[in-house]
Amino acid sequence: MSSTAPDTAPRGHIPGTRRPHHPTATAAPRHALRRAAPALAAYLAVRLTGLVFLAVWAHRRHHGVWPMLATQWDSRWYLGIADHGYTHTLGIAYDHNNLAFFPLYPLLVKAVAVLTPGTRASTGLALAWLASLVAAWGVFAVGDRLAGRRVGVLLTVLWAAYPVGLVQWMGYTESLFTAFAAWTLYAVLTERWLSAAAGSVLAGLTRPTGIALAAAVTVTALLALRIRRSPRVLTAALVAPLGWCAYVGWVGVRLGRWDGYFAVQRMWHNELDGGAETLRWLRHLFGQVSRPELFLVVVSLTMLVSVVLFGLSAADRQPLPLLVFSAVLLLIVTASGGVYFPRARFLLPGFPLLLPVAGYLARASARVRVLALTAAIAGSAYFGAYMLLVWPSAP
């Protein structure tokens, strides 16, 4: 997905994109990695800060760090799929059907574990860490492409310092999905349509929100086709949703009903309700309880700020693929009637929403930039540890 060899077929102009002033899109891989090195170093520094803070706090509470990162909550579900595969029936118990979890990550864990020492849990954690670095590089590449190296580095730091950024280094799928999302969006911006299609298919096999990335690729490709016809652009438009559709269709066949996947989601209390459940939670937390749970407050503020940032992104005329991806991701998260507490995590791949903040910090004074980033990094470190050590449920 990060290939630097551009397609040679005729291309249509991508609506909402701007030509870069920087060599990111055409640079050799070694040069591109050198250009991204400050962003990757900053990313590692932020995440290591959070990990050290977690380790110190966990030691004082006599908790082990590795089990929390590698084997709890959703990690346990993915490891179960890697060990035993998927169930064959819908069942009658709520929150117990593993068909709700998309297959690419557990399949990678199972395949790589055969070739590496240690347990599948350690393999899954290593894959998440590696994917987070690939994702950070992709986040930088998008920011650098659109606004220059400084914005790219700042965007990467802001993504690393996301309130639930610690999830990036857990045995979860967010890092893998963000890696596919970032490089797929970069491929669209640089008109590498077949790479974009491949990235979208893989993302669609990783998380349910892969449909947001597929929408970004397909909508942008269809609009590009109105300007200039291209077999590669048409292929991208048609192929992009196939990963998501393949898994949803497979679940339907496995359960013997056309709505099998959506029936599974209902068994997890997940279905779209137009935002009614979201509004109910917001009213409850900010208007009905005197001491709302800190974790839920941060989740709520993350959603609300994300909506504001989308408005700023639209006002900034962000490229169309980024806007479509962010819009569909936000719609899925805020309009869902499912569980409330993971919604900040569900928005973690939405790094384009942070572009207005990165742009502002790039123009701000050094003092403002240092203060803002220090606060974000410290807050992320504290809240990540709080999420695992104090909050009693899943991240």
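**Figure 1. The second largest pocket has 25 lining residues, with Ala161, Tyr162, Pro163, Val305 and Leu354 lying nearest its centre.** Helices H6 (149-160), H14, H17 (355-363) and H18 (366-389) each give two or more residues to this lining. A pocket is an open set of points on a 1 Å grid over the protein atoms alone, with protein on both sides within 12 Å along at least five of seven lines, and lining residues have an atom within 4 Å of a point. Helices are DSSP runs of H or I with at least four residues, numbered from the N terminus. The model is predicted, so local features need pLDDT of at least 70 and side-chain atom pairs count only at pLDDT 80 or more, whereas totals for chains, interfaces and linings use all residues. Residues are numbered from 1 along each chain as its sequence is written, and side-chain values use heavy atoms, with hydrogens and water left out. The volume of the second largest pocket is about 440 Å³, a volume being the space filled by probe spheres set on points joined across faces, edges and corners. Its lining divides into 20 nonpolar, 5 polar and no charged residues. Here Asp, Glu, Lys and Arg are charged, Ala, Val, Leu, Ile, Met, Phe, Trp, Tyr, Cys and Pro are nonpolar, and the others, including Gly, are polar.

**Figure 2. The largest pocket holds about 970 Å³ of space.** Its lining comprises 34 residues, and Pro208, Tyr261, Gln265, Asn270 and Phe346 are the closest to its centre. At least two lining residues come from each of H3, helix H12 (260-267), H15 and helix H16 (343-346). Charged residues number 8 in this lining, alongside 20 nonpolar and 6 polar ones.

**Figure 3. The second largest cavity has a volume of about 30 Å³.** A cavity is a set of grid points where a 1.4 Å probe fits but cannot get out. The model has 2 cavities of 30 Å³ or more. Lining the second largest cavity are Ala70, Ser75, Tyr78, Leu79, Tyr105, Arg120, Ala121, Gly124, Leu125 and Gly171. Two or more of the lining residues come from each of helix H3 (74-84) and H5. The most are given by H5, with 4 residues. By class, the lining of this cavity has 6 nonpolar, 3 polar and 1 charged residue.

**Figure 4. Glycine 143 sits in helix H5 (residues 120-147).** Glycine 143 is buried because its relative accessibility is 0%; buried means under 20% relative accessible area, exposed over 50%, and partly exposed in between (1.4 Å probe, protein chains only). Leaving out residues up to four places away in sequence, glycine 143 touches Gly148, Val151, Gly152, Leu155 and Leu355, where contact means heavy atoms within 4.5 Å. Alanine 358 is 215 residues from glycine 143 along the chain, yet their C-alpha atoms are separated by 8.7 Å.

**Figure 5. In the largest nonpolar core, of 109 residues, Leu54, Leu69, Trp159 and Phe325 touch the most other members.** H5 gives the most to this core, with 11 residues. A nonpolar core is a set of buried Ala, Val, Leu, Ile, Met, Phe, Trp, Tyr and Cys residues joined through side-chain atoms within 4.5 Å. Beyond its neighbours within four places in sequence, phenylalanine 325 contacts Phe177, Ala181, Leu185, Ala212, Leu213, Ala216, Pro349, Gly350 and Pro352. Another core, of 14 residues, lies apart from the largest one; among its members are Ala196, Ala214, Val217 and Ala237.

**Figure 6. The side chains of threonine 184 and serine 306 each reach a backbone oxygen.** Threonine 184 belongs to helix H7 (residues 174-189), and its side chain reaches the backbone oxygen of phenylalanine 180 at 2.6 Å. A polar contact is a pair of N or O atoms within 3.5 Å; within protein, one must be able to donate a hydrogen and the other to accept it, and residues adjacent in sequence count only if both atoms are side-chain atoms. With a relative accessible area of 0%, threonine 184 is buried. Serine 306, in helix H14, is also buried, at 7%. The side chain of serine 306 reaches the backbone oxygen of threonine 302 at 2.7 Å. Not counting residues up to four places away in sequence, serine 306 touches Leu330, Leu347 and Leu353.

**Figure 7. Tryptophan 73 and arginine 317 have positive phi values without being glycine.** Tryptophan 73, with phi near 55 degrees, lies in the loop between helix H2 (65-70) and H3. Its relative accessible area is 30%, so tryptophan 73 is partly exposed. Arginine 317 has a phi of about 60 degrees and is placed in the loop between helix H14 (294-315) and helix H15 (320-334). Arginine 317 counts as exposed because its relative accessibility is 69%.
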